[in-house]
Amino acid sequence: MALKYPLHSLGWYGFETLAQTLLKAVIGPGVSAFGGSRDNGRDAEYRGVAAFPSAEEQWSGHWIFQAKFAEFEGELVQGAIASLRNSFRSEMRANLRRRGNLQLNLDNYVLITNVPLSGDDRDSLHQIAKDANVAQHFAVVDGRDVCELLDVHPHVRRSFPQLLALADFAQVVNSATLSASAAYLERWRQHLGAFVATSAYHDAGVILQTHHFLVLDGAPEAGKSTIAAALALEAAARNVEVYSVRRPEDIHRVRKHDTTQLFVADDALGSVSVDISVADDWSRELPNVLATLRPNGYLIWTGRTYVMGAALDRLRLDEAVEQFPGAHGLTVAVGELTQRERAGMLYNHVKRQDFPENVRKLVREMASEIVAHPNVTPERLRALAEVVLRSPEVSANDVRQFLSNPSKRWMQAYDNLSESERAVLSSVLHHASPASEELLRTKYEAYTAKSPESSLDFETALERLSPGFLRIASPWPGQRDVDFAHPSIRDFVIARHRENEERRRRYFELASIDTLSAVARALRADASNAQDQGRGVAPKGSNELELLGQRFVLLVEHAQNVAQIRHLLTAAAELRPLEKRHFVVATGAEIEYDAVVAPADVRSEWASSEPGILLSAVVDACCRTALPASPSSLRLEEAEGVLNELRRLVPYCSPMPRVVWLADEVRHAARSHSASSVSRAALLNAARAFEPLLVESLVTRTTLKGILDGLLSSTDEALSEGLYLKSQYDEKENEFPDPYDFRDWHGGSARLINVIDGFTGWAEALTTEHAEKVDSLRHLLQVLVEPPENYGPEAHAEGFRVPVSDWSIEEMFADL
């Protein structure tokens, strides 16, 4: 007699909340609230007509609804049925005494229970109601009926995603959707079993359905990832495929336009600090991603508030405010919880645990104190239930100490780990995003190289840390990714490295390219005495700074490809000094963000600061180390990219280094006759920004004229394609037949104009005829723009809130 949805997992409080929510959907908003206590509280009432028990047979008049919850699992259902029957009989007798003759004026009495009933069971309850002369009409809504109503009213089910998490996925998600989404859903199942639908969750659902793009922004431990997972699970129950993604290319790889899909980018721009390479990918591809989502694709970003803020400058969103999600109301701030929401989370966590009576009694007595504590977050409530309360000797003082200093337990757990397990955690710390298992294995072997015989093998050490410290997932068949189980655990590990000299030195000795960005943020936090030093490990003293600088120089000298050099330079850009700035978004709100100080405004003493010294070390190494080999078809573009990165960083160095390999790249551009003229001219423009006389001395006039001829030929082609696109524009639909073709043309033409402007300023002058062609293309770029995204009305999607009940916090925990 198993139910589709495990209603017994809700407890009496959760079930009455569900019953009341269903009544408002089925009967109408005029249904009054339940309230009182676990079993003897006030019934819900209604006066009027409703489509119950069916649309054809509608009852009217004065209604009473009573919710009766029974504890049972599996084969214990017969005992629950007997308990329900006896409890209902006693209730009817009590009603007779309490109401006097009032029952003669009652028209409809509806009993709602989580227990599945047979026909005989229903007849027995009907007989009890008839004997009590309780009302003209009597009906029973049993557990199976409640499950059917949840399917009929998915907007109600949306408010109770924990039922989906605890159910058999095979019953609530169709096989095709489950096959595509299983990796993500299984990873989050245990976390969602205690989920409570908060205001942020409901707001997020409305925004996601309306705009197809949602940003969940908040502090560490606020519950951003859990809300995203709850939305994903609810979507999967509606046959929406769910995928965890890291970069835009992950979406393009699996996007199917004939299938409804949801993509979740957890810590989209970095977990602890901005992940430069990932942020740049999103910056370039977000318009294309948003276009490909229509009409049946959805994307959720989550991120810490300070990471999202730091990305503003990196993505240059202050220069295009209208494209920032916040300007269109796509961001939901996940933060403050009501005490009732906190109480629901605590109740659900404790309800799922098999605690002895002394622990349950402690929770009942301390519930109000716990949920009122200022340090309470969703993650800390989980840790309280799964770590602190697991001790059979736990006391009220233990609970209070944990709430006052929640990191203490994690610190103690970390200190009790073996050196091998700590080495795994240190290895994970070197990556700003989930790392592949093989990548971690290599780093772990480096950490344990000094004592391999006394170290655990990598697999054993890794499994010991999961799921407490680490989360292991398989986003794709044959691939396993590893990340910290929660960002706060990364913070604890960082704190342990910051305070331990030996760990710090080892961390710097084995620093990876990804490490530089986190180190940069830590250095800047230290320099400004900010309260966010925990975001990274900063060197202490000149010896550690020198060690770190030497490591990054080594990474430059041994780079395998040009992409690694660019990654290092973009990370080094995070070392530049910042200042606070403000701007006002379209909604009128003012946003504060960190902006880079221009080189001319940097104080002279900054060059001798720790960030200045480290930046100079990385930039100097990149200037004097020849670029790694790369395919000839990509060489010019890659070299241009490195030069452009160096151009914005060299002015911060004192003295400014010279690009030693510049002449070789200029000669290569001059000789590469088969390469595109745009690539050749762009490289020469970038090189001339460093040494104009060198460039002009190495490139002959014949070569310059040949490049210009190629640029003009490209201009003719761009003009022709642009005029064709203009002719294809559908004014009625306000769109181009293929937005991708338009974006490719617009981006390529804009780059072409920019290169020509730079090139003709020093190399070859344009004739009047040629200048007119370039101006025609420039004009076409200005008038032929992509139509703005039509987001539609702000409140397109249906939002549904769980009604607020009258129970006190103490009464909510009565059945623990």
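**Burial, salt bridges and backbone geometry in a predicted model**

At 0% relative accessibility, glycine 11 counts as buried, where buried means under 20% relative accessible area, exposed over 50%, and partly exposed in between (1.4 Å probe, protein chains only). The structure is a predicted model, in which local features need pLDDT of at least 70 and side-chain atom pairs count only at pLDDT 80 or more, while totals for chains, interfaces and linings use all residues. Residues are numbered from 1 along each chain as its sequence is written, and side-chain values use heavy atoms, with hydrogens and water left out.

Glycine 11 belongs to helix 1 (residues 11-26); helices (H or I, at least four residues) and strands (E, at least two) are DSSP runs, numbered from the N terminus. The C-alpha atom of glycine 11 is separated by 7.5 Å from that of phenylalanine 69, a residue 58 positions apart from it along the chain. Cysteine 623, in helix 27 (residues 610-624), is likewise buried, with a relative accessible area of 0%. Between the C-alpha atoms of cysteine 623 and leucine 662 the separation is 8.6 Å, and these two residues are 39 residues apart along the chain.

Arginine 342 is situated in helix 14 (residues 339-351) and is buried, its relative accessible area being 10%. Its side chain reaches the backbone oxygen of valine 371 at 2.8 Å. This distance falls under the polar contact criterion (a pair of N or O atoms within 3.5 Å; within protein, one must be able to donate a hydrogen and the other to accept it, and residues adjacent in sequence count only if both atoms are side-chain atoms).

A salt bridge is defined as a side-chain nitrogen of Lys or Arg within 4 Å of a carboxyl oxygen of Asp or Glu. By this rule the model contains 39 salt bridges. One of them joins the side chains of arginine 400 and glutamate 369, with an N to O distance of 2.6 Å. Arginine 400 lies in helix 17 (residues 396-404) and glutamate 369 in helix 15 (residues 357-372), so the pair ties together parts that are 31 residues apart in sequence. Arginine 400 is partly exposed at a relative accessible area of 38%, and glutamate 369 is also partly exposed, at 34% relative accessibility.

A salt bridge also connects glutamate 437 with arginine 480, the closest N and O atoms being 2.9 Å apart. This pair links distant parts of the chain, with glutamate 437 in helix 20 (residues 437-447) and arginine 480 in the loop between strand 11 (470-473) and strand 12 (481-484), 43 residues apart. Glutamate 437 is buried at 13% relative accessibility, whereas arginine 480 is partly exposed, with a relative accessible area of 31%.

Within helix 20, the side chains of glutamate 438 and arginine 441 form a salt bridge with an N to O distance of 3.4 Å. Being 3 residues apart in helix 20, the two are separated by about one helical turn. Glutamate 438 is partly exposed, with a relative accessible area of 49%. Elsewhere, salt bridges that share partners join Lys4, Asp151 and Arg157 into one network.

On the surface, Glu717, Glu721, Asp741 and Asp744 gather in a patch of negative charge. Patches are made of residues with over 30% relative accessible area and no salt bridge, like charges being joined within 9 Å and nonpolar side chains (Val, Leu, Ile, Met, Phe, Trp, Tyr) within 5 Å. Helix 32 (701-728) and helix 33 (739-760) each supply at least two residues of this negative patch. Aspartate 741 is located in helix 33 and is partly exposed, at a relative accessible area of 39%.

Two cis peptide bonds to proline are described here. Phenylalanine 52 and proline 53 are joined by a cis peptide bond with omega of about 10°, and proline 53 is part of strand 1 (residues 44-53). Serine 654 and proline 655 are joined in the cis form with omega of about -5°; proline 655 lies in the loop between helix 28 (632-649) and helix 29 (662-671).

Positive phi values occur at asparagine 133 and at asparagine 239. Asparagine 133 has a phi of about 50° although it is not a glycine. It is placed in the loop between helix 3 (119-131) and strand 4 (137-141) and is partly exposed at 41% relative accessible area. For asparagine 239, phi is near 70°. This residue is in the loop between helix 10 (224-236) and strand 6 (241-244), and at 40% relative accessibility asparagine 239 counts as partly exposed.

Methods: Accessible areas come from the Shrake-Rupley method with a 1.4 Å probe; for residues, only the protein chains shown count as cover. Lys and Arg count as positive and Asp and Glu as negative; His and the chain ends are not counted. The place of a charge is taken as NZ of Lys, CZ of Arg, CG of Asp or CD of Glu.
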